[in-house]
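Thanks, everyone. Let me put the model on the screen, and then we can walk through its strands and its core.

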Amino acid sequence: MAECRARKRAVLLVPMPLQGHMTPMLQLGSILYSKGFSIVVAHSEFRPPNPLNHPEFIFHPLSDDSSGYKTSLVNLMDLISAINSNCRAPLQEYLGQLMKDQKLEGCQVACVIYDSVLFFVDSVATQMKIPGIVLRTNMASYMLLYRCIFQLQAQNLLPFPESRLQEPVSELYPLRFKDLPFSINAEISEELMDFFDSMVNIRSSVAVIFNTTDCLEHSSLSLLQKQYQVPFFPIGPFHKMAPAASTSFLEEDQTCIAWLEKQAPNSVLYVSLGSIASINEQELTETAWGLANSGIPFLWVVRCDSLNEAQSVDHFLDGHFKDSVGERGLIVKWAPQKKVLAHRAVGGFWSHCGWNSTIESICEGVPMICRPLFGDQRLNARYLTCVWKVGLEMENVLDRGSIEKAIRRLMIDTEGKEMRQDMLLMKDKIEASLQKGGSSYESLNDLTQFINSFST
Ligand code: UDX
């Protein structure tokens, strides 16, 4: 805590070690640091953040018995549950130590902010009598969706038959049953219900922070606020308030920026399915040929684990494909995405619609081709296509013909141009919300005051 001495109050952050969760937590840390708080990050030993990217923070690893942890989609529930049980005792011990130190150093731990899936933190904070605040890294509407899932369950409407797939879910416009975050035949196990519970139950937390903004989700935020007794702080998009420090687990391939420099404005389609989603061999091949046949320049992120059969991707993207594409396409293993989306050459984003990717694209005015794969991505995609009308949704099994058509609709047709105009309007509204008097700006000031109000 010696580093903390100059600042009187510290905030302890407990992030989930997944890219789409770690990034917003670290960004929130930078935002709160800029408001005068000292930032302490207690993280799992598994996939630690890189302290060199945040020399102003204090990092503390929680020993988590992490051998054998995996971040692939099929292992996700196991990972969440392992971290929830293994990190409890180490966090308790560390927090006890911090509180002892604070008496000596004069820097008080004002509160603990934790990822919503790490519900163990709530009980530790309660036990230590420190206020806990939940960070939700998805859309606020995702919380509403889970509240509705409990209602559907009470009405015996889950699991639902295939015949309902296209039916709208009442109260969840514009969602259909097929957009709910689990597959139709999924057994709704007790473990899954516990997870669902963590999506709506804020336990004894004294507030909820969202990486969203009022102009994107006004009605969901007001509906939610009526249902909870604690204050909500929609202070996003975080990445527009935080300095651009890297938060990537993988190394960003910067060479793509030089390649983008050679392309015409709005000419390039950026393609990425985020940090976890994987696809099968057929979808990879059809995507490759759809991109090749479209005639549009593209920058495609193909992670080493992009294929769900644990095969190497390289031989699918070699030979004939590379010859057909030539200099018109570039494939990288991981890109500096925010820089890419901000580049004038990028005119469209084919995305899995993870929430971070969604807001990063909106903030740069880049319209999207939506290919949601799991979890909240279908909800995000429905908002992009049906509410904000700035994206095209690609559903069902993909073939190269439909991919080529969608790409041309977005990148060349009038429809795509109109979406770009609408995205630019959204970008302006978001920028306004970050200025003095704007909703996120004011909400951040309220959050700062709220944390400062916790008594010593
Ligand atoms: C996961 C879930 O998939 C998502 O639905 C949920 O909202 C958050 O957790 P992820 O797959 O990681 O997210 O997607 P996303 O939320 O979009 O986050 C990916 C992050 O990685 C973004 O901040 C993006 O900028 C970054 N990224 C992605 C890169 O920096 N480089 C890349 O090449 C790809």
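First, a term. Two strands count as paired if DSSP finds at least two bridges between them. Keep in mind that this is a predicted model.

Now apply the term. Strand E9, residues 298-301, is joined to E10 by four bridges, so the two strands count as paired. They run parallel.

Zoom out. E9 and E10 belong to an open sheet of six strands, with parallel pairing. The order is E10-E9-E8-E11-E12-E13. Which strands are at the edges? Strand E10 (329-332) and strand E13 (391-393), each pairing on one side only. On average, neighbouring strands here are turned by 15° against each other, direction ignored. Helix H13, residues 377-387, packs on this sheet. H13 touches strand E12 (368-370) and E13, and its direction makes about 120° with that of E13.

Next, strand E4, residues 108-115. Buried or exposed? Eight of its eight residues are buried. E4 pairs with strand E1 (residues 9-14) in the parallel sense, over six bridges. There, Leu 12 has Val 112 of E4 as its bridge partner. E4 also pairs with strand E5 (residues 132-136), again parallel, over four bridges. Val 112 is bridged to Gly 132 in E5. From E4 the chain crosses through helix H4, residues 120-127, to E5. That β-α-β crossover is right-handed.

Last, the core. The largest nonpolar core has 122 residues. Val 11, Ile 113, Ile 209 and Leu 299 touch the most other members. Leaving aside residues up to four places away in sequence, Val 11 touches residues including Phe 37, Cys 111, Ile 113 and Ile 451.

Methods: Residues are numbered from 1 along each chain as its sequence is written. This is a predicted model: local features need pLDDT of at least 70, side-chain atom pairs count only at pLDDT 80 or more; totals for chains, interfaces and linings use all residues. Axes are lines fitted to C-alpha atoms, for helices over the stretch in contact, and angles run from 0 to 180 degrees between N-to-C directions. Two residues are in contact if their C-beta atoms, placed from the backbone, lie within 7 Å. A nonpolar core is a set of buried Ala, Val, Leu, Ile, Met, Phe, Trp, Tyr and Cys residues joined through C-beta atoms within 7 Å. A residue is buried if 20 or more other C-beta atoms lie within 10 Å of its own, exposed if 12 or fewer, and partly exposed in between; C-beta atoms are placed from the backbone. A crossover is right-handed if, with the strands pointing away from the viewer, the path from the first strand over the helix to the second runs clockwise.
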